[in-house]
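Welcome! Let us take a friendly walk through this structure, starting with a pair of strands and moving on to helices, charged pairs and the surface.

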Amino acid sequence: MQDGSELAGILAGAWRQPLFRKPLSREDLHRHASLIASAGGAALTWFRIRRHTSEFSHQVVSFYHREYLGSTMSAAMHEAELERLIQAFRVAGIRSILLKGWSVGRLYPESGLRPSGDIDLWIDPDQHAEAVEILQRVATGRQPIDLDHDQFRRFENRSFNDFYSSCDTVHLGSTPIRVLRQEDQTRILCLHFLKHGGWRPIWLCDIAVLLEGSNTAFNWELCLGSDARRARWIGCTIALARDLLGARIPRGAPRCVMSTPPGWFTRTILREWSNPSPPNVPPFTLLLPELSLHPWRLQSVMCGRWRNPIQATVDCNSAFAALPRWPYQLWDGISRAHRCLRSFKQLAR
């Protein structure tokens, strides 16, 4: 967990340019270079150190500068592809909402400080088939495009129309793009972070930047929602951004945000951040064809599907309390194994 703590210290407030900043350790920047890059924080680290390059070795400076340039180029290609897709959808009259990605990256001081990933678009369900046809015609294939967002089915009881009508409209070049308003986006980012076990630090940076990215009053009731248990999940995640990254919390935060997260939650995050690999393994459904040919591998596959405490708690829809997490991990493992075995039997018929 020590590496995770040091990584948090390097990324804390890195999206800001204050007059005074705690100096970074030359040794930490060199020793954790690959970890910072896999965390998505290399360009952001360059943004923090670039005015003080004389304090670091040429090797360290070159590495982070190279990562920054690569991220900036990737962001430019990402934005060009996104603009083309949105324009094609607008011409066809397809309604879409941009999630994560550029919708948050635009709030950083420079394009490219947040690494580009998938283009996540939520399409009007009634227009989904038409959207897929358009993507087959106009997408270049250079940027992954994701139209499936199961967390809305898992965690939200509001419709696409409800979200769409309350969206903000921002511009990429001259192209208007619908993005979730700040409170909705914060909740969605927190739930996405938790669903994946909190393993990628840049996702927590996104939450911190988003919280600091508006001068308007923050509607905590809208952000946290009506479900008290999930409000606690979101509150713990925001509190974590405050504790690990120094995020500035908007005024009026309720108790579930201002209270200290349970110890196991913070320990799990720091442990995941010390490991550059994500905690998720490929979906079991993708392994079914291979297992149908090599069924004796089933045991080893199942042994590798132990979820971390955060994922298990969220999967079981349980409270972020101080109780031990292993019962939830065990139950989650049994439940997932049962579903996997049932799928395997159906395939084998």
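Two strands are said to pair if DSSP finds at least two bridges between them. Helices (H or I, at least four residues) and strands (E, at least two) are DSSP runs, numbered from the N terminus. The model is predicted, so local features need pLDDT of at least 70 and side-chain atom pairs count only at pLDDT 80 or more, while totals for chains, interfaces and linings use all residues. Residues are numbered from 1 along each chain as its sequence is written, and side-chain values use heavy atoms, with hydrogens and water left out.

**A hairpin to begin with**

Strand 4 and strand 5 form a hairpin with two residues between them. In the turn, Gly173 has a positive phi of about 65°. The two strands run antiparallel and are joined by five bridges, strand 4 covering residues 168-172. His171 has Pro176 of strand 5 as its bridge partner.

The side chains of strand 5 (residues 175-179) alternate.

**The chain as a whole**

The chain holds 19 helices and five strands. Of its 349 residues, 49% are buried. Contact means heavy atoms within 4.5 Å. Among contacts between residues at least 6 apart in sequence, 75% join residues at least 24 apart.

**Helices and their covers**

Which residues of helix 7 are buried? In this helix (residues 128-138) they are Ala131, Ile134 and Leu135. Seen down the helix axis, these buried residues fall within an arc of 105°, so they line one face of helix 7; the arc is that of the directions from the helix axis to the C-beta atoms. The face turned away from the buried side carries the exposed residues Ala129, Gln136 and Arg137. Cover for the buried residues of helix 7 includes helix 5 (58-92), strand 2 (119-123) and strand 3 (145-146).

Helix 15 (residues 263-273) has its own set of buried residues, among them Trp264, Phe265 and Trp273. What covers the buried residues of helix 15 includes helix 1 (2-11), helix 10 (182-195) and helix 13 (228-245).

Helix 5 is also the place of Tyr64, which counts as buried at 0% relative accessibility. Leaving aside residues up to four places away in sequence, Tyr64 touches several residues, including Leu29, Ile36 and Trp46. The C-alpha atoms of Tyr64 and His30 are separated by 9.9 Å, with the two residues 34 apart along the chain.

**Charged pairs**

Side chains of opposite charge can pair when their charged atoms come close. A salt bridge is a side-chain nitrogen of Lys or Arg within 4 Å of a carboxyl oxygen of Asp or Glu. By this rule the count comes to 20 salt bridges. Here are some of them:

| Salt bridge | N to O distance |
|---|---|
| Glu212 and Arg16 | 2.7 Å |
| Arg187 and Glu156 | 2.9 Å |
| Glu81 and Arg84 | 3.5 Å |

The side chains of Arg187 and Glu156 meet in a salt bridge. Arg187 lies in helix 10 and Glu156 in the loop between helix 8 (150-155) and helix 9 (160-165), so this pair ties together parts that are 31 residues apart in sequence. Both Arg187 and Glu156 are buried. Salt bridges that share partners join Glu156, Arg158, Asp162, Arg181, Asp184 and Arg187 into one network.

Glu81 and Arg84 are three residues apart in helix 5, separated by about one helical turn. Glu81 is buried at 3% relative accessibility, and Arg84 is partly exposed at 36%.

**Out to the surface**

Accessible areas come from the Shrake-Rupley method with a 1.4 Å probe; for residues, only the protein chains shown count as cover. The accessible surface of the chain comes to about 17000 Å², of which 53% belongs to carbon and sulfur atoms.

Which residues make a nonpolar surface patch of about 620 Å²? They are Trp306, Trp326, Leu330, Trp331 and Ile334. Patches are made of residues with over 30% relative accessible area and no salt bridge, with like charges joined within 9 Å and nonpolar side chains (Val, Leu, Ile, Met, Phe, Trp, Tyr) within 5 Å. Leu330 sits in helix 19 (residues 326-348) and is partly exposed, with a relative accessible area of 39%.

Notes:
Buried < 20%, exposed > 50% of the residue type's maximum accessible area, 1.4 Å probe, protein only.
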